[in-house]
Amino acid sequence: MANRMRIGALLGASMAFAFSMAAHAASTTGGLGGTHYNISSLKSDGHYDRFIVTWRPGSAERANPSFMRQSMGAALSRAGLVRATLGPQGMMQAPVQASYGRRLAIGADVLRTSRKLDRNEAAALMAQLASDPAVLHVAPDVLRRPVSDIAAPASLRPSAFRPTDTDYASYQWDLKAPSGRATVSGDRNYGGSHVNAAWDLADGKGIVIAVLDTGITTHVDVNTKLAGAGYDFITDAFLSGRKTDGRIPGGWDPGDWTTGKPWQSMCTDEFNPPQPSSWHGTHVASTVGAERTNNGVGLAGIAYRARVLPIRVLGHCGGYDSDISDAIIWAAGGHVDGVPDNTHPAQVINLSLGGYGQCTADDPMGQAIALANRRGAVVVVAAGNDNDNAKYFSPASCPGTITVAATGITSRRAYYSNYGRTVDLAAPGGGIYAGDRNSGEQVSDGFVWQAINSGTTKPVADDSSYAGYAGTSQATPHVSGTVALMQGARLARGLEPLSPAAVLDILQRTAATPKVAPDHRIGAGILDAYAAVNMAIANGVTTSQPAVLANGVALSDQSGAKGSRTVYRIDVPAGTGKLSLRTTGGSGDVTLYVNQGTPATADDYHCRSAHAGTDESVVLDHPAAGTWFVTLAGRTDYSGVNLVGKYIAAR
């Protein structure tokens, strides 16, 4: 292993935003006639010159860019932006003009302004656009960034650091079973993801994992066979570093440095330059499976026989939502104008990136993820590194994603990791400090170690460097790699792939219980790759005959193991006005699924209740007559739970 190590913070790494609670309150706002405009991504100190507008089907604007510019020009006029104004430091600002950008794969269009607008100006323009009857949705086209937190200093690397991937235990604690071994800080290791045991069941063969990031570099221990089949989706020449706008073939990373002009002066809205190139995509791709395993060199990747498709969406200063949403659709096998169709559609898409803002199903990113889900792709995203609620960040808050928080070697939530109900589960991302607390004492076994490039700006060819990083960017590929193992195990056994909803259900049901404060919840628990793959093979569905629920009669002392599913039935007569199904008491954590006609699963249910603990409730008004099935799923071991089903006649 090469001696060169990265020192200092990773470029664009931390999502360190300083926002007031008033900024948190900004979210999707309704406009005229059902139009929505989402201002939650606008920062108080931000500047914006790109907007994504969805036009109503059949409108003249949808078919003609000239009409789009006219509509935006009218909105600029109503917002008071078409006349010269006095700007900051008393400088006169020129009138704002509109120009057309391009059409996205979701059918929306990017429109641009002739100068950057501050937050208030951007919000006013969006509100006026939303008042146009031809407009369906408006969102700012904002930059997203890598979400790694910090790189390990060279001082933490022992002089004898020469692991082979058959002896990966020297540093890859994150792939091992939660063994209980002592760490250098005296705590015990409960935080591994149990990948080593999952390798006995699967290797990811037959699965494609798309890594949407900075691209990938050549490395002696990294498989880059699909790099040429990937694509650089960055359209803006300033971000890409190319001389002209436009996309090019290949998923290579030419560097994302911000060490000189123009980046040092232009990237300050997103992070603080100057910074060297991060090689973020190489590190993430190595974790997910690009790192060659069992080759006697370096370290190991998770789904090491899966094929990793690198797609460049992050460049100097980051990457725009418009490019990322197109790349998501393309990665899943969808068509994007101007780009050859993807010949290696991905079953798993990894997004170790993000930024401020609340994502809805109507937003471009939300629409792209929904299209990918419909094609069967599982979309895994980083929760973010701001020690804040993940619901305020995108794409972490997008519907249809698996959102991943970070834990350290002792299974505690990493001090930087976002949290909250938006988070689905956690995975090893690195704790950095002794005991995973923000103690100031950094420890070598707190980081996630993988391949990297030693170049300061441009990549070194066929490099042999490795580095320890920490962040939800590192936690996310642990989950993506495990999903590839799950789907690959089913493929090897002649089984149909799991749907994205079924994958999430299994990951949550098999997750290990974390150590976390109640107000900083990180989903169902910590990733257990072995348990998830094992359940994916069995599909986790019980075949026993369902027990019968008599009307109003409680079944007491129900118990089950983590990951178990127990099915009950209740026969509802015609003329029923209300049906209620409830669980109470006992200990553990359960989810209640309800369906008519067939037993409920994660993919097929009429409704569900999934709160923390055992108190769950589903109430249906005027349910259809016939057999209703109730599935009690154990998110943890549970016991002493009471279940009652009750129906009453309509009045």
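Analyst: A salt bridge here is a side-chain nitrogen of Lys or Arg within 4 Å of a carboxyl oxygen of Asp or Glu. The model is predicted. By this criterion D232 forms a salt bridge with R242, with 2.7 Å between the closest N and O atoms. The pair links distant parts of the chain, ten residues apart: D232 belongs to strand 12 (residues 231-232), and R242 to the loop between helix 6 (237-240) and strand 13 (248-249). The two partners fall into separate accessibility classes because the limit for buried is under 20% relative accessible area. D232 has a relative accessibility of 3% and counts as buried, whereas R242, at 21%, counts as partly exposed. Side chains of opposite charge can pair when their charged atoms come close.

The surroundings of D232 extend beyond this partner. Leaving aside residues up to four places away in sequence, D232 touches R242, R247, I248, G250 and R312. The C-alpha atom of D232 is also separated by 9.1 Å from that of L314, a residue 82 places away along the chain.

One of the residues touched by D232 is R247, which has a salt bridge with D326. The closest N and O atoms of that pair are 3.1 Å apart. Salt bridges with shared partners join R102, R247, D323 and D326 into one network.

Over the whole structure, the search finds 16 salt bridges. Among them is the one between R112 and D49, whose closest N and O atoms are 3.7 Å apart. R112 is in strand 7 (residues 109-118) and D49 in strand 3 (residues 47-55), so the pair ties together parts 63 residues apart in sequence. R112 is partly exposed, with a relative accessible area of 25%, while D49, at 13%, counts as buried.

Strand 12, where D232 is placed, belongs to an open sheet of eight strands. The strand order is 13-12-14-11-16-18-20-21, with mixed pairing. The edge strands are strand 13 and strand 21 (425-428), each of which pairs on one side only. Further along the order, strand 11 (residues 208-213) pairs with strand 16 (residues 348-351) in the parallel sense, over three bridges. Within this pairing, V348 of strand 16 is the bridge partner of I209.

Helix 12 (residues 500-510) packs on the sheet, where it touches strand 18 (378-382), strand 20 (401-407) and strand 21. The direction of helix 12 makes about 25 degrees with that of strand 20.

The axes of helix 8 (residues 280-290) and helix 11 (residues 472-492) come within 8 Å and cross at roughly 35 degrees. The crossing is right-handed. Helix 8 contributes H280, H283, V284, T287 and V288 to the contact, and helix 11 contributes S473, Q474, P477, H478, S480 and G481. By class, this contact has three nonpolar, eight polar and no charged residues.

Some backbone details remain. Most residues other than glycine have a negative phi, and most peptide bonds are trans. The peptide bond from S394 to P395 is cis, with omega near 10 degrees, and P395 is found in the loop between strand 19 (393-394) and strand 20. D462 has a positive phi, near 50 degrees, and is not a glycine. D462 lies in the loop between strand 22 (448-452) and strand 23 (465-471), and at 54% relative accessibility D462 counts as exposed. H622, also not a glycine, has a positive phi of about 50 degrees. Its place is in the loop between strand 30 (616-621) and strand 31 (626-634), and H622 counts as exposed at 59% relative accessibility.

Definitions and conventions. Residues are numbered from 1 along each chain as its sequence is written. This is a predicted model: local features need pLDDT of at least 70, side-chain atom pairs count only at pLDDT 80 or more; totals for chains, interfaces and linings use all residues. Side-chain values use heavy atoms; hydrogens and water are left out. Helices (H or I, at least four residues) and strands (E, at least two) are DSSP runs, numbered from the N terminus. Buried means under 20% relative accessible area, exposed over 50%, partly exposed in between (1.4 Å probe, protein chains only). Two strands pair if DSSP finds at least two bridges between them. Contact means heavy atoms within 4.5 Å. Axes are lines fitted to C-alpha atoms, for helices over the stretch in contact, and angles run from 0 to 180 degrees between N-to-C directions. A crossing is left-handed if the near helix is turned anticlockwise from the far one by less than a right angle, and right-handed if clockwise. Ala, Val, Leu, Ile, Met, Phe, Trp, Tyr, Cys and Pro count as nonpolar, Asp, Glu, Lys and Arg as charged, and the others, Gly among them, as polar.
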